[in-house]
Structures are given as structure tokens and as C-alpha cells.
Amino acid sequence: MVDNAVRAVTGAQPLDIVIPTRLVDETNIGGSNAEVNPNYKDFQNSFKEARSKN
């Protein structure tokens, strides 16, 4: 929003960026963090594995 506001003030063209959002409430939340966002499934071990390569 700030970027587009500055673009408007300076006369530059605004960017058409869609910000993804997800409303999480009791009707669509699962029993675990992995069900809410599968990308976080086993993230601790993925992080440890990535860090061990450095």
C-alpha cells in the first residue's frame, strides 16, 4: 500500500499486486498446525536439515 501511495504521489503507475489472504476460524481450522497450513508440516526438521548444509 505504501509503495502504491508513493507511486501515486510521484505520478508513477501503480502495481497490480494481489496479496493472498486466508481467514482462519473455527469452521475451517483443523486439529493441527499442519492441517491449517500444510506448508508448515514438519517444518522443524526441514529447517534443521537446511541449516546443516551451511
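## A partly exposed glutamate and its partner

E49 counts as partly exposed, at 48% relative accessibility. Here buried means under 20% relative accessible area, exposed means over 50%, and partly exposed lies in between (1.4 Å probe, protein chains only). E49 forms a salt bridge with K53, and their closest N and O atoms are 3.8 Å apart. A salt bridge is a side-chain nitrogen of Lys or Arg within 4 Å of a carboxyl oxygen of Asp or Glu. K53 is exposed, with a relative accessible area of 63%.

This is a predicted model: local features need pLDDT of at least 70, side-chain atom pairs count only at pLDDT 80 or more, and totals for chains, interfaces and linings use all residues. Residues are numbered from 1 along each chain as its sequence is written, and side-chain values use heavy atoms, with hydrogens and water left out.

## Overall fold

The protein has three helices and zero strands. Along the sequence the pattern reads α-α-α. The radius of gyration is 19 Å, well over the 10 Å that the globule rule gives for 54 residues, so the protein is more spread out than a compact globule. That radius is taken over C-alpha atoms, and the rule is 2.2 Å times the number of residues to the power 0.38. Helices (H or I, at least four residues) and strands (E, at least two) are DSSP runs, numbered from the N terminus.

The C-alpha trace spans about 45 × 40 × 15 Å along its principal axes. Of the 54 residues, 2% count as buried. The accessible surface comes to about 5,300 Å², and carbon and sulfur atoms hold 56% of that. Areas come from the Shrake-Rupley method with a 1.4 Å probe; for residues, only the protein chains shown count as cover.

## Charges and the second salt bridge

The structure holds two salt bridges. Side chains of opposite charge can pair when their charged atoms come close. Besides the E49 and K53 pair, D3 forms a salt bridge with R7, with the closest N and O atoms 2.6 Å apart. D3 and R7 both lie in helix α1. They are four residues apart, about one turn of the helix. D3 is partly exposed, at 40% relative accessible area. R7 is partly exposed too, at 24%.

The protein carries 6 positive and 7 negative charges, and their mean positions are 11 Å apart. Lys and Arg count as positive, Asp and Glu as negative; His and the chain ends are not counted. Each charge is placed at NZ of Lys, CZ of Arg, CG of Asp or CD of Glu.

## A nonpolar surface patch

L15, I17 and I19 form a nonpolar patch on the surface. Together they have about 330 Å² of accessible area. Patches are made of residues with over 30% relative accessible area and no salt bridge; like charges are joined within 9 Å, and nonpolar side chains (Val, Leu, Ile, Met, Phe, Trp, Tyr) within 5 Å.

I19 lies in the loop between α1 (2-10) and α2 (33-36). I19 is exposed, at 64% relative accessible area. L15 lies in the loop between α1 and α2. L15 counts as partly exposed, at 39%.

## Distances to D25

L15 and D25 are 10 residues apart in sequence. Their C-alpha atoms are 31 Å apart in space. D42 sits in the loop between α2 and α3 (43-52). At 41% relative accessibility, D42 counts as partly exposed. D42 and D25 are 17 residues apart along the chain, and 22 Å separates their C-alpha atoms.
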